[in-house]
Amino acid sequence: MGDPLNAREDAAEALGMVARAAGPYLDALPHLPVRDATHAHLLKDLDGPLPEAGDGTIAAIADLLRIGTRAATHSSGPRFFHYVVGGATPAAQAADWVTSLLDQASGLWLTSPFAAQAETVVLRWLKEMFGLPASHGGVLTPSATFANLTGLACARFWWAGQHGVDVTVDGLVGLPRMPVFSSGYVHPSSRKALQLLGLGRDSVRTLTRDDAGRLDVDALDRELASSGPAVLIGNAGEVNGGDYDPLDELADLAERHGAWLHVDGAFGLFAALSPRTADLVRGVDRADSVAADGHKWLNVPYESGVAFVKDRSFLGRAFGGWNAPYLPEPDEEFVNYNNLGPESSRRARAIPIWATLRAYGREGHRAMVERHQDLALRLGRRIAEAPDLELLAPINLFIVCFRYRPPGLSEEALDDLNRRIGEELIEDGRVYAGTTVYRGMVAFRPAIVNWRTTDEDIDLLASVIRELGARLDRTP
Ligand SMILES: *Cc1c(COP(=O)(O)O)cnc(C)c1O
């Protein structure tokens, strides 16, 4: 077989094979176990020596479909509640195929005006959905980690400028440590961004007023009085209980002390879509930079994130300007998005976002946000009714923090039992949810962010945890 040039005729047939497999797979998805018990065996089929001549297009794709449709974690189905993992709406999923079909190099206007224009349009739509001023700059990123990196790179550029240094040109040499403050809700990806930026993971000081990690606003006020120019990280949606930092108060402090406010709204920014929850993100429009995810609550396929920056010039100053003679100069109208973010060559990830917003609009996505909150509240009712379940944090969004709690066990025994239920749950595979430690207690924290999830899936989650709990409680 060899040279793909000899396989020109196979391209459409291979795509047809994928399309024909898609129907049965998607029909089965709502009922498949999250992880098929045969997956470990199937993973072996991926292995083997590097092919010399190759099996040809059709054989390779047939094999991939055979293995993948069963070995894949069915996390895009309705029963995956671990971490915060969204699904893919029908329009977004199809558009993702279109993205692959068109295979655009979307870093430069010249290589794809289509992808660049789609990005400009979806950035405008997203700002409108989130209540951010139209004048904000923005760029699509592979994830919220990269969006935090993007926002914090702009913060770093600003902060170094306060010390008279152009960090893009000269780096951090000779500068003091950048002061960064947050609550206990700060996500590891913000620390990762700081570590990548040469600022150090532990440059964040967390100022908390309780064991859940809530922000101590007064302590922050005092710190800022003497810190010099500083960066604040506000957390719009924390992963254990779904709580929010008070963004309006953070914005007040940032204004009063001349600090940069970055908001990590990976999933939580979507609260802006519903009047029920919009109060949680009040003040986010005043932040200097904001990060969010597409592959979580927007329900577009991996990978998808977005960063917004109030003063759009910071994006170009933090990421552009490599001074290479073959690259174009920055331009406001014919935007080269690779000037505005951490990537150079990049996928046209605007396309699935465009499609899902075109297909379902602001209303459709608002309905999804509200349905997920309703499902979380339903789970809350199941927990309240069950004598052996205990809710640990108020439900404000789609995260439900609770534990299995039969009578008569010590805190230590409860932690151990819940940990064992967590391990067993993954092995069982009917539903997926992970454990965390919340206020010192081992707890479950399912996150309901998949458009496919229904009442039955939620009830199943509660009943499987109770079933496993009852069994493991008897067999310590
Ligand atoms: C998931 C998450 C991130 C990181 O997002 P990725 O898309 O996984 O990189 C950052 N912050 C919060 C609050 C998150 O939930």
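The entries below go from the ligand to the sheet and then to some loops and a hairpin.

**Ground rules**

I am working with a predicted model, where local features need pLDDT of at least 70, side-chain atom pairs count only at pLDDT 80 or more, and totals for chains, interfaces and linings use all residues. Residues are numbered from 1 along each chain as its sequence is written, and side-chain values use heavy atoms, with hydrogens and water left out.

**Entry 1: the ligand**

I started with the ligand shell. How many residues surround the ligand? I get 14, and the closest are Thr145, Asp264, Asp293, His295 and Lys296. (A residue is near a molecule or strand if one of its heavy atoms lies within 4 Å of it.)

By class, the shell has 4 nonpolar, 7 polar and 3 charged residues. For the classes, Ala, Val, Leu, Ile, Met, Phe, Trp, Tyr, Cys and Pro count as nonpolar, Asp, Glu, Lys and Arg as charged, and the others, Gly among them, as polar. Helix α6 (residues 144-162) gives the largest share of the shell, 3 residues. (Helices are DSSP runs of H or I with at least four residues, strands are runs of E with at least two, and both are numbered from the N terminus.)

Next I looked up the polar contacts. (These are pairs of N or O atoms within 3.5 Å; within protein, one must be able to donate a hydrogen and the other to accept it, and residues adjacent in sequence count only if both atoms are side-chain atoms.) An N or O atom in the His295 side chain sits 2.7 Å from an oxygen atom of the ligand. For Ser143, a polar side-chain atom is 3.4 Å from a ligand oxygen atom. His187 has a polar side-chain atom 3.5 Å from a nitrogen atom of the ligand. On its own the ligand has 380 Å² of accessible area, and the protein covers 85% of that. (Areas come from the Shrake-Rupley method with a 1.4 Å probe; for residues, only the protein chains shown count as cover.)

**Entry 2: the sheet**

I traced an open sheet of 7 strands with mixed pairing, in the order β1-β7-β6-β5-β4-β2-β3. (Two strands pair if DSSP finds at least two bridges between them.) Which strands stand at the edges? They are β1 (137-141) and β3 (204-206); each has a single partner strand, so one side of each is left without a neighbour in the sheet.

Then I zoomed in on β6. 5 of the 5 residues of β6 are buried, so this strand is largely enclosed by the rest of the structure. (Buried means under 20% relative accessible area, exposed over 50%, partly exposed in between, with a 1.4 Å probe and protein chains only.) Both faces are covered, with Ser289, Ala291 and Asp293 on one side and Val290 and Ala292 on the other.

For the neighbours, β6 (residues 289-293) and β7 (residues 305-309) pair antiparallel over 5 bridges. Strand β5 (residues 260-264) runs parallel to β6, joined by 3 bridges. Ala291 is a handy landmark: Asp264 stands opposite it, and its bridge partner in β7 is Ala307. Asp293, one of the closest residues to the ligand, has Gly305 as its bridge partner in β7.

The loop between β6 and β7 holds Glu303. A cis peptide bond joins Tyr302 to Glu303, with omega about 0°.

I also flagged Tyr83, a non-glycine residue with a positive phi near 45°. It is in the loop between α3 (57-71) and α4 (90-102), and is exposed at 56% relative accessible area.

Is Asp388 buried or exposed? At 12% relative accessibility, Asp388 counts as buried. It sits in the loop between α12 (350-385) and β8 (389-391), and its side chain makes a 2.8 Å polar contact with that of Arg466.

**Entry 3: the β10-β11 hairpin**

Last stop: β10 and β11 form a hairpin with 2 residues between them, and Arg439 in the turn has a positive phi of about 50°. β10 (residues 435-438) and β11 (residues 441-444) pair antiparallel over 4 bridges. Thr436 and Tyr438 make up the covered face of β10, while Thr435 and Val437 are on the uncovered one. Val437 has Val442 as its bridge partner in β11.

Technical notes
Two strands pair if DSSP finds at least two bridges between them.
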